[in-house]
Amino acid sequence: MTVRIGIVLASLALCGALFWGGTALVALMMGWLVAHPWVAKAMAALPMLVLPLMAVMVSRGREESGAR
């Protein structure tokens, strides 16, 4: 029973550390994007480039596998 409690507490501590680290990284990235507005514009346009490429890759993968 004590080992289970230890595992749960360690998992909670790890989740908290990951969340805290993630929020710190987001804060740093937001500060960097504010300092470089052209990067923010490029990131906003990124889905317009990535989504069609992903659609082509998925459709080609389906053609190769014989799926319709």
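Helices are DSSP runs of H or I with at least four residues, and strands are E runs of at least two, numbered from the N terminus.

The 29 residues of H2 should span 42 Å at 1.5 Å a residue, and its end C-alpha atoms lie 43 Å apart, which agrees. That expected span is 1.5 Å times one less than the number of residues. After H2 comes Gly66, with a positive phi near 90°.

## About the model

This is a predicted model: local features need pLDDT of at least 70, side-chain atom pairs count only at pLDDT 80 or more, and totals for chains, interfaces and linings use all residues. Residues are numbered from 1 along each chain as its sequence is written, and side-chain values use heavy atoms, leaving out hydrogens and water.

## The whole chain

The chain has 2 helices and 0 strands. Its radius of gyration is 21 Å, well over the 11 Å that the globule rule gives for 68 residues, so the chain is more spread out than a compact globule. The radius is taken over C-alpha atoms, and the rule is 2.2 Å times the number of residues to the power 0.38.

Where does Leu53 sit? Its place is in H2, residues 37–65. Leu53 counts as partly exposed because its relative accessibility is 49%, between buried (under 20%) and exposed (over 50%), with a 1.4 Å probe and protein chains only.
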